[in-house]
Amino acid sequence: LNSEKFSKLAGEPEYAVVTLPSLDGQSIEDATQELFDRYQFGKKDVNNGLVFVFAIEDREFRLGYGDGLAPIFIHTDADDLVDETAKELLRAEDYDGAIQRASNTVFDYVAAFDQEHGLTQAYAEGPALIAQQKAADKKAAQTTFVGIASTLSAAVLGLVGFLGLRRVQIKKRLLKTASLPSWLT
């Protein structure tokens, strides 16, 4: 795939497939990033590497890609790349067939983007797109944190108010039925 197809595209993206028997408790995202960082797929100046990781026993898969290819894959889910036919092949333990099918789909995505926009545009815009995505993710995390903190604060205030009201109600009821010692009033 690299020598026959990817090598003919601008920047010659480098594609790899890694099959793992198991993730051994690691997330597929972390395993993919670790492999991508360790082997540094693609050309450094345009960061155009791709690695498709298949964890067989865990039945998980994920495509890792360099920042230069972000415009192509940032909004693409791995399920878009592994269609139902490829999933059936995986279930039938025809890993070669499934991986070949998914790999061809990955190439098709890259080639289609190259035809429509040009890979040099992807390489130029990718790092900025990744930075924007990270900023958006950070803002979403902060918004989530603020939302959770606000909800917890409201819940605590509501509980304190409820307990205060209950205390007043109990005190009134006791005052009607019996006299209280001074230390309770």
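The legends below describe close-up views of a predicted model. Residues are numbered from 1 along each chain as its sequence is written, and side-chain values use heavy atoms, with hydrogens and water left out. In this predicted model, local features need pLDDT of at least 70 and side-chain atom pairs count only at pLDDT 80 or more, while totals for chains, interfaces and linings use all residues.

**View 1. Strand S2 and its two faces.** Strand S2 spans residues 49–55 (strands are DSSP runs of E, at least two residues, numbered from the N terminus). Of its 7 residues, 7 are buried (under 20% relative accessible area, 1.4 Å probe, protein chains only). In a regular strand, side chains alternate between the two faces of the sheet. Gly 49, Val 51, Val 53 and Ala 55 point one way, Leu 50, Phe 52 and Phe 54 the other.

**View 2. Pairing of S1 with S2.** Strand S1 covers residues 14–20 and runs parallel to S2, joined to it by 7 bridges (pairing requires at least two DSSP bridges). Thr 19 is placed opposite Phe 54 of S2.

**View 3. Gly 11 ahead of S1.** Gly 11 belongs to the segment before S1. Gly 11 counts as partly exposed because its relative accessible area is 30% (partly exposed lies between the buried limit of 20% and the exposed limit of 50%). Its C-alpha atom is 7.6 Å from that of Thr 120, a residue 109 positions away along the chain.

View 4. Asp 58 sits in the loop between S2 and strand S3 (60–65). Asp 58 is classed as partly exposed because its relative accessibility is 31%.

Conventions
Helix = DSSP H or I, 4+ residues; strand = E, 2+ residues; numbered from the N terminus.
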